[in-house]
Amino acid sequence: MRTLCQRTSFGGKIDSFVLTSVAIAQEYIKIGKIDHATSTYEQTVSAPNLDLVNVSTEVRIIFLLRWAESLALGDSTDEALSKYAEALALSEIMTIPDKNAPTIIRARARITMLERSALAATVYGAIQLSRDNTTTAILGLMQALRLWNRALETLTKLRQPSIPASSSSPNPFQVSAQEQAISSEEKSGNPRMWDAMMDGLHWRLADGVITTLFTLGRLHHLRGSVKNSEFFTQKANELATSLNAPLLISRALAKEAERELAIGRLDTGHDLLVQAAYHWEQVPDVLGPDLADLHRLQGNHRLRIEDPEEAKRIYGVASDLLDQLEKMFAETEASLVTPSPGASMSDGTAVSSSVAPAVLASILRQHKNALMGKLALEEVQARLEADLFLSALTESAMALPMGMSSGDGVAPPTSTRDILASIANAEKFFWAGLELSGSRGEVQQVREAALSLGLLRAFQTALGKGGQNNAVIAAGLLDVSAAVTLRREMLECIDNKFPNITQASDVGWPSMNVNGSPLPPSHTLARRLLFTQDSDEDDEDGDEMNLQSYWQTVKKRYRTEILDPAGLACPIVDMLPEHWTVVNISVTDDKQTLFISRQRARCEPLIFCLPLDRQGRRELGDDEEEPLTYERAIEELQDIIRLNDETAKNAKDIQDKEGRAGWWSDRGKLDVRLRELLENIEFCWLGAFKTILAEPSDTSVGALNSLRTKIDKVFKRNRIVPQDKKAYLRLRLDDTIVECFSNL
């Protein structure tokens with residue numbers, strides 16, 4: 001179509017040429033060829049005999065918005081802002097059909113206006129994503145979703161046929177008054193052909209809705225908002241089902257599976273992956289990036305169930321599939337009559353990109369996690385277990401700070417140096433990953449990196465190389481792992497504190513300054529427009545401006561936070577009152593290690609790193625129960641919650657005295673089960689380290705020194721403390737640990 005328009009010198013089909021170019025560029029974007037899409041737009045404006053002035057205003061707006069979207073996806077934010085501004089200027093001169101125009105023309109104008117506004121909000125979201133402003137991008141995409149839905153609903157209502165009432169004795173030769181009116185309208189030249197007038201508009205609107213749903217689901221998944229991600233993904237699945245689109249259904253199921261795998265529901269995630277594969281097989285001989293992404297998720301599942309070899313094989317299949325798609329793409333481009341838009345740019349430089357680079361990058365990242373990060377940590381643990389003197393370290397409780405230090409001028413043994421070098425190597429990888437994914441990466445990756453770094457810090461401390469701020473940095477890492485989603489959602493909450501009350505409708509395009517920052521309308525001006533002025537208005541406006549200034553400062557601090565050792569070494573707990581205590585309890589992804597941290601203002605943090613199965617490593621007697629594992633504890637807790645919900649729902653149906661007595665008896669049994677579960681957790685997992693949860697003690701300095709002396713004697717008697725003064729490691733329990741044990 002595009003080539004035909006060019007060969008005929010457009011021949012009155014200049015709008016068709018531009019819209020076809022937009023459609024081609026959009027297909028490039030769907031397979032990840034962003035540079036090809038941008039080049040397509042550049043070739044369109046530079047086509048011979050083409051003057052954009054002759055293109056209709058409506059088509060020019062769509063062309064500029066789609067071009068801006070492509071530039072934003074390619075991180076060319078400044079150019080995207082320029083194209084968006086051009087489209088915004090054109091939208092302000094768009095004419096509205098006359099009220100006396102036919103209904104179909106006025107309806108089409110209304111729907112296309114909603115379409116352009118939805119597209120503008122989508123581009124606004126893409127620009128904000130290129131600026132790493134995920135929160136504002138979500139707000140823009142939510143506006144776009146509302147507009148897409150309004151446009152689709154309007155079109156659906158207009159297309160609903162009106163069924164006349166049936167007559168008891170219909171006359172097939174009688175022409176009704178309605179049919180006569182329709183016939184007269186057709187003779188007078190009024191447009192009545194929906195397909196011709198709407199020009200595939202219903203498919204564009206449906207595509208806009210489902211694409212926005214998938215994008216919102218992905219962004220909420222990255223942010224860690226599981227419920228929101230689940231909602232948007234399920235809505236996309238419902239729409240795909242109503243459209244009878246198996247490939248879209250497969251994509252929606254794959255996204256649901258990715259969410260289930262991320263929260264640890266491996267069986268549910270596997271079932272969804274099987275369903276996604278089934279729907280993909282309903283369209284045979286079709287390849288696409290979504291199929292490679294499906295294999296990636298299957299590899300993730302294998303990796304989560306501790307089958308790295310099979311995971312590696314599946315990742316290889318996904319990579320081979322992307323290579324095959326790239327080869328097919330190159331062959332298709334070579335067979336085209338016109339030169340490939342991605343073959344060269346305007347300056348003659350060659351362009352090279354891969355199909356679905358986001359999927360490929362994710363696959364490579366999974367390879368990196370499996371073969372570098374996790375292997376580096378496993379190498380540290382393997383070296384510790386192989387060492388004759390340090391083999392018990394991975395099975396023992398560790399504390400930060402511990403009081404373990406290296407002797408002055410004493411070189412560590414060779415094995416210890418190798419272990420410390422492996423720890424430093426693993427740290428470099430995890431810090432790099434945390435820096436890359438800290439602001440907009442997946443919550444699971446951020447949390448895994450933070451907890452792994454915390455574990456490595458514990459090993460360093462136990463080996464006498466902790467550093468001055470080791471405990472502070474480790475406590476900050478644990479806080480990061482527990483509050484990634486909370487901190488990201490805080491940005492959205494701040495935006496929602498001051499809603500845009502001056503914009504009465506979503507139809508208005510979002511505004512940005514030259515840097516791409518959102519331009520919220522004046523809140524004070526809105527108050528003056530909506531409310532009558534009184535004598536206290538100036539004071540209220542001043543207070544409101546101060547409140548907005550405060551929350552904008554908080555927002556800026558949250559957005560500019562950098563996750564690195566220098567930033568985490570500055571404790572923010574000092575801003576809290578001295579009588580406050582902050583406790584963080586975290587479990588690693590493999591459910592093998594429990595972290596408990598305690599922080600107080602102007603006090604050094606205390607962290608215990610406790611293996612959950614240290615009770616299960618000893619031999620059990622005949623009358624002893626199986627050790628309490630994480631899975632058993634979670635299963636018991638879920639069963640208690642389930643029975644609690646059932647008894648609470650059944651309370652309204654109990655009328656007699658005997659039933660009430662039985663109900664209270666069941667509730668009492670649940671209380672006993674919960675108490676026993678907590679007692680088992682306290683005994684099996686915490687043990688003596690439960691004192692970290694105790695209130696601050698008033699133990700005197702003399703009493704603490706006496707306790708320290710007694711503990712040192714026990715260590716010396718059992719040869720825990722090296723007797724040789726030339727020994728590498730020296731042990732002196734930190735004051736916070738001694739104070740903690742004084743509460744026993």
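Q: Which elements each supply at least two residues of the lining of the largest cavity?
A: The elements are α12 and α14, and α12 gives the largest share, 4 residues. Helices here are DSSP runs of H or I with at least four residues, strands are runs of E with at least two, and both are numbered from the N terminus. The model is predicted, so that local features need pLDDT of at least 70 and side-chain atom pairs count only at pLDDT 80 or more, whereas totals for chains, interfaces and linings use all residues. Residues are numbered from 1 along each chain as its sequence is written, and side-chain values use heavy atoms, with hydrogens and water left out.

Q: What makes Ser250, Arg251, Ala254, Lys255, Trp280, Asp290, Asp293 and Leu294 lining residues of the largest cavity?
A: On a 1 Å grid over the protein atoms alone, a cavity is a set of points where a 1.4 Å probe fits but cannot get out, and lining residues have an atom within 4 Å of a point. These eight names are the ones that line the largest cavity, whose volume is about 50 Å³. That volume is the space filled by probe spheres set on the grid points, which are joined across faces, edges and corners. A search of the whole structure finds 1 cavity of 30 Å³ or more.

Q: Why is valine 507 called buried?
A: Buried means under 20% relative accessible area, exposed over 50%, and partly exposed in between, with a 1.4 Å probe and protein chains only. Valine 507 has a relative accessible area of 19% and therefore counts as buried. Its place is in the loop between α20 (484-497) and α21 (523-530). With neighbours within four places in sequence left aside, valine 507 is in contact (heavy atoms within 4.5 Å) with Met113, Leu114, Ser117, Leu147 and Arg150.

Q: Why does asparagine 244 count as exposed?
A: Asparagine 244 has 63% relative accessibility and therefore counts as exposed. This residue is found in the loop between α11 and α12, and has a positive phi of about 55° although it is not a glycine.

Q: How do you know that the end C-alpha atoms of helix α19 are at a distance that agrees with the span of its 13 residues?
A: The expected span of a helix is 1.5 Å times one less than its number of residues. For α19 (residues 470-482) this should be 18 Å, and the end C-alpha atoms are 19 Å apart, which agrees. Helix α19 is also mostly covered, with 11 of its 13 residues buried, including Ala471, Ile473 and Leu477.

Q: What makes the largest nonpolar core a set of 47 residues?
A: A nonpolar core is a set of buried Ala, Val, Leu, Ile, Met, Phe, Trp, Tyr and Cys residues joined through side-chain atoms within 4.5 Å. The largest such set has 47 residues, and those with the most contacts inside it are Leu205, Val209 and Leu294. Helix α7 gives the most to this core, with 10 residues. Apart from it lies another core of 41 residues, among them Ala471 and Ala475.

Q: How do you know that β3 and β4 are joined, and how many bridges are there?
A: Two strands pair if DSSP finds at least two bridges between them. Here 6 bridges join β3 (residues 582-587) to β4 (residues 593-599), and the two strands run antiparallel. Serine 586 stands opposite phenylalanine 595 in β4. The two strands form a hairpin with 5 residues between them, and lysine 591 in the turn has a positive phi of about 60°.

Note on methods:
On a 1 Å grid over the protein atoms alone, a cavity is a set of points where a 1.4 Å probe fits but cannot get out, and a pocket is an open set with protein on both sides within 12 Å along at least five of seven lines; lining residues have an atom within 4 Å of a point.
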